[in-house]
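Visitor: Hi! Could you walk me through this one? I'm still new to reading structures.

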Amino acid sequence: MNSKDEFKHFCDRNQTTLFGSFWWWENVVKDSWDVLLYKKGEEVLACLPYHYKYKAGLKAIIPPMLTPYQSISYALPADGKVDKQISFVRKAQEYLIDQVPKNSLFLRQFNCTEQYLLPFYWNDYELKVRYTYLLNTSISENDLFNNLKDSLRREIKKAKAVGVLSKANTIDTLYELKQQNSDKYNEPLSYSKEYLDRIGQLIKIKQASIQEVKIENTVIASLLVCWDHQQVYYTCGAVAPDFRNSGALSWLLWEAILLAKSLNLTFNFEGSMIKQIERYFASFGGTPTPFFEVKRVNSKLLKPLLNKI
């Protein structure tokens, strides 16, 4: 078996996050990716999938589009003692770091559950703290709603008064709304419709959902979430430019939170470091949760530029 086959076999036998799964890398990332393996004999014990891109003859290892975390997946030892778990993860990371192919830039975001990354620090990688918002949905629906900011509750009620909620089976309308905003605000989209449609395949296997808000049979807002055994992730959303103040997106996020509650999962807002967006996500009552971005610039010529990323 090649490394990708071994990665698939590992994922068939071990529970991984959505973004650390073979399915995600094979069906969504699809192009320009490979995987590093940590093995004991013939047994794979850890996997580090990575996406790469060439520009001007330089190789960069960077996150794929709409893949917020690029986790390392482990088959942790059965012995649950903390020191043995850390020792295992340390050895796996040290080995995988040594196997990283030559590159000009290494940039990777780890899941918020992955707090032990010292081997990267010891190997001259920069560790930067970023934040997302996580919402525990185990409390009652009434308590969840009361925990929303007052103005947010009013927005949702306003949207409900004039709109109709529906489900979609394709990403067509969502991408159309994204394109409308791209054209109006001159902000090019970083991914294609075909790429977003790959994520939409998760709907068929009941690991994603698209909900829409309609006014007079016209879709004014759409939101895509996907999930694994731990969390529901806010993946992509859009509102028609003329309806940005309708409260429709807030309503859709509220419905996504209720979906997470029905699945007994935490809701992950995929929080932004942009102040205005962070304040909006904070208004839903979640907890700011740190995760690590790991970076190393290996090109002396590009270092002054890439260090600004």
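Visitor: Is glutamate 293 buried or exposed?
Guide: Glutamate 293 is buried, with a relative accessible area of 7%. Keep in mind that this is a predicted model. The cut-off for buried is under 20%, so 7% puts glutamate 293 in that class.

Visitor: What does glutamate 293 form a salt bridge with?
Guide: Its partner is arginine 130, and the closest N and O atoms are 3.6 Å apart.

Visitor: How many salt bridges does the structure hold?
Guide: There are 7 salt bridges in the structure. One of them joins the side chains of lysine 8 and aspartate 12, at 3.3 Å from N to O.

Visitor: How far apart are lysine 8 and aspartate 12 in helix H1?
Guide: They are 4 residues apart in helix H1 (residues 3-13), which means about one helical turn separates them. Lysine 8 is partly exposed at 37% relative accessible area, whereas aspartate 12 counts as exposed at 54%.

Visitor: Which residue does aspartate 172 meet in a salt bridge?
Guide: Aspartate 172 meets lysine 193, with 3.5 Å from N to O. This pair links distant parts of the chain, since aspartate 172 is in helix H7 (residues 172-185) and lysine 193 is in helix H8, 21 residues apart. Aspartate 172 is partly exposed, with 37% relative accessible area, and lysine 193 is partly exposed too, at 38%.

Visitor: New topic: at what angle do helix H2 and helix H8 pack?
Guide: Helix H2 (residues 22-29) packs against helix H8 (residues 193-200) at about 150°, and their axes are 9 Å apart. Angles over 145 degrees count as roughly antiparallel, so that is how H2 and H8 run relative to each other. H2 makes a right-handed crossing as it passes H8.

Note on methods:
Residues numbered from 1 in each chain as written. Predicted model: local features only at pLDDT ≥ 70, side-chain atom pairs only at ≥ 80, totals over all residues. Heavy atoms only, no water. Axes fitted to C-alpha atoms, helices over the stretch in contact; angles between N-to-C directions. Helix = DSSP H or I, 4+ residues; strand = E, 2+ residues; numbered from the N terminus. Parallel < 35°, antiparallel > 145°, perpendicular 65-115°, else oblique. Left-handed = near helix turned anticlockwise from the far one by under 90°. Salt bridge = Lys/Arg side-chain N within 4 Å of Asp/Glu carboxyl O. Buried < 20%, exposed > 50% of the residue type's maximum accessible area, 1.4 Å probe, protein only.
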